[in-house]
Amino acid sequence: MANRRVVDARGSFCPGPLMELIAAMKMAEVGEEIEILSTDKGSATDIPEWIHKVKHEHVGTEEKEGVWHVLVKKTH
Amino acid sequence: MRILVVGGGMGGTILANNLARRLSGDVRAGKVRLTMLSASERHFYQPGLLYLAVGRMTPDELYRDQASLLEPGIDFHVDPVEEFHLDKNEVKTKSGKIHGYDIIAIATGSRPVAEEIPGLAENAEQFYTEESAVKMFKRLRAFEGGKVVIAVGVPHKCPMAPLEITFMLYDYFKDRGILDKVKLHYTYPIGRVHSLENVAKWAAPEMDRLGITYETLFNMKEVDGAKKIVRSEEGTETNFDLLITIPAHRGMEVIEKNGLGQRGFIPTHRHQLNMEGRDNVFVLGDTTNLPISKAGSTAHFEAETLGENIAARVKLGAPVRDYDGKVFCFIEAGKDRATYAMFDYQNPPQPKAPTRAVHWFKVAYNKLYWASARGLL
């Protein structure tokens with residue numbers, strides 16, 4: 001399994017989960033997975049949208065008890 | 001009990017003053033020793049830089065002697081920490097002195113790193129230091145028209161700054177009578193014009209009304225100074241005559257060098273504000289890795305929570321409350337109108353329409369800040 005870091009962005013209105021992911025991407029190694037935890041359902045669409053634009057990989061999204069777990073992989 | 005505060009910015013100063021008052025009897029009795037280590041003998045009001053950049057404040061208004069802001073009983077040294085030895089409960093300073101502690105609070109702040117984007121530092125104006133804000137103001141004074149692009153790095157200090165500088169630039173050029181020769185173009189890293197959805201819902205129509213264009217999902221990749229183009233990670237580009245940046249930030253180098261946190265941000269418990277895995281190391285302000293705004297008000301509210309909790313540890317042996325993620329940010333909507341956003345981990349902000357009254361309260365706060373740093377407001 002690839003290295004994975006968890007970014008706990010629950011309750012983050014500002015800067016918000018996507019901004020937290022953009023910051024985390026700078027710290028991640030190529031091939032590393034990042035799991036974003038968000039209580040904003042918008043993360044289920046806006047994170048994959050950005051990931052596709054910047055050509056990283058959206059591995060999957062899952063909702064568990066009101067928390068969205070969005071898993072992405074840094075590919076370059 | 002030895003309590004050590006590292007950093008003399010807003011968070012460290014409010015915390016030290018809060019503790020000095022709560023524990024004044026213990027300090028006088030010699031049961032508690034309260035020490036602050038800072039890199040500067042001056043205290044810097046960073047939010048004033050926004051105004052400095054557009055000629056509405058001057059550098060002398062942004063500083064006070066740090067010692068003048070501190071309660072009696074705080075042993076203050078201008079001697080920055082260079083080494084953290086958390087397993088031994090001690091730090092080593094630039095002068096070589098060792099300070100032991102029972103509880104330490106780290107509030108060293110963050111720094112802009114425009115140089116991380118190729119071409120950005122050389123080709124953009126910014127306002128996160130006194131020197132750069134003065135340079136930006138002089139550049140604005142000499143600007144006679146063209147396309148002004150605002151570009152934003154992640155993470156950045158003061159989440160309202162991108163919007164504020166944009167609306168203040170609009171009024172600045174309007175007052176100079178050259179607005180018809182200026183095109184303002186705002187870019188932002190995520191899919192709306194601000195992180196806060198309710199703020200974005202207000203700001204986007206405001207930009208439409210003022211003729212300010214915007215592009216979202218724009219993360220700076222590189223700046224071509226010769227062609228005057230800024231390119232994004234998303235594959236787009238925009239040309240500029242004047243590029244204004246809110247640069248990405250990192251925590252301080254001393255945090256990175258000591259291995260306390262990647263990019264200088266220390267992993268921190270979101271409610272108790274202790275460094276993850278350490279129960280006598282606390283972190284506040286920009287130094288945390290918490291998913292909340294890097295802003296003075298965040299440091300302020302965290303410092304109040306920590307002051308109460310650390311004092312309670314001394315008196316009761318346990319903390320008494322949780323930090324709830326509270327943040328309060330003024331939002332300047334130009335030179336004479338403002339609104340605000342207040343939120344926490346559970347409740348999003350509900351900003352109101354900008355008014356002159358809120359703007360004047362912000363102007364007043366620029367002076368009242370010194371009472372705030374003293375822990376009086």
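What is the area buried between domain 1 of chain B and domain 2 of chain B? The second legend gives the value, after a note on conventions.

This is a predicted model, in which local features need pLDDT of at least 70 and side-chain atom pairs count only at pLDDT 80 or more, while totals for chains, interfaces and linings use all residues. Residues are numbered from 1 along each chain as its sequence is written, chains are lettered from A and ligands numbered from 1 in the order in which they are written, and side-chain values use heavy atoms, with hydrogens and water left out.

**Figure 1. The two domains of chain B.** Chain B is divided into domain 1 (2-109 + 252-326) and domain 2 (113-245), with bounds that come from an automatic or database domain assignment. Taken over C-alpha atoms, the centres of the two domains are separated by 32 Å.

**Figure 2. The interface of domain 1 and domain 2 of chain B.** The area buried between the two domains is about 1,500 Å², of which carbon and sulfur atoms give 66%; buried area is the accessible area (1.4 Å probe) that two parts lose on being put together, summed over both. B:Leu50, B:Ala53 and B:Val54 supply 36% of the area that domain 1 buries against domain 2, more than any other three residues. In contact (heavy atoms within 4.5 Å) are 18 residues of domain 1 and 22 residues of domain 2. The rule finds three salt bridges across this interface, a salt bridge being a side-chain nitrogen of Lys or Arg within 4 Å of a carboxyl oxygen of Asp or Glu.

**Figure 3. The interface of chain A and chain B.** Chain A gives 20 residues to the contact and chain B gives 29 residues. About 2,100 Å² is buried between the chains, with 61% from carbon and sulfur atoms. Of the area that chain A buries against chain B, 33% is supplied by A:Phe13, A:Cys14 and A:Met19, more than any other three residues. One salt bridge is found across this interface. The side chains of A:Asp8 and B:Arg270 meet in a salt bridge (3.2 Å, N to O).

**Figure 4. The second largest pocket.** This pocket has a volume of about 660 Å³. Of its 34 lining residues, A:Val7, A:Glu20, A:Met27, B:Asn289 and B:Leu290 are the closest to its centre. On a 1 Å grid over the protein atoms alone, a pocket is an open set of points where a 1.4 Å probe fits, with protein on both sides within 12 Å along at least five of seven lines, and lining residues have an atom within 4 Å of a point. Grid points are joined across faces, edges and corners, and the volume is the space filled by probe spheres set on the points. The largest share of the lining, six residues, comes from α1(A). Domain 1 and domain 2 of chain B each give at least three residues to the lining.

Figure 5. The bond from A:Cys14 to A:Pro15 is cis, with omega near 15°, and A:Pro15 lies in the loop between β1 and α1 of chain A. Helices (H or I, at least four residues) and strands (E, at least two) are DSSP runs, numbered from the N terminus. In chain B, the bond from B:Val154 to B:Pro155 is cis, with omega near -10°. B:Pro155 is found in the loop between β12 (146-152) and α7 (161-176) of chain B.
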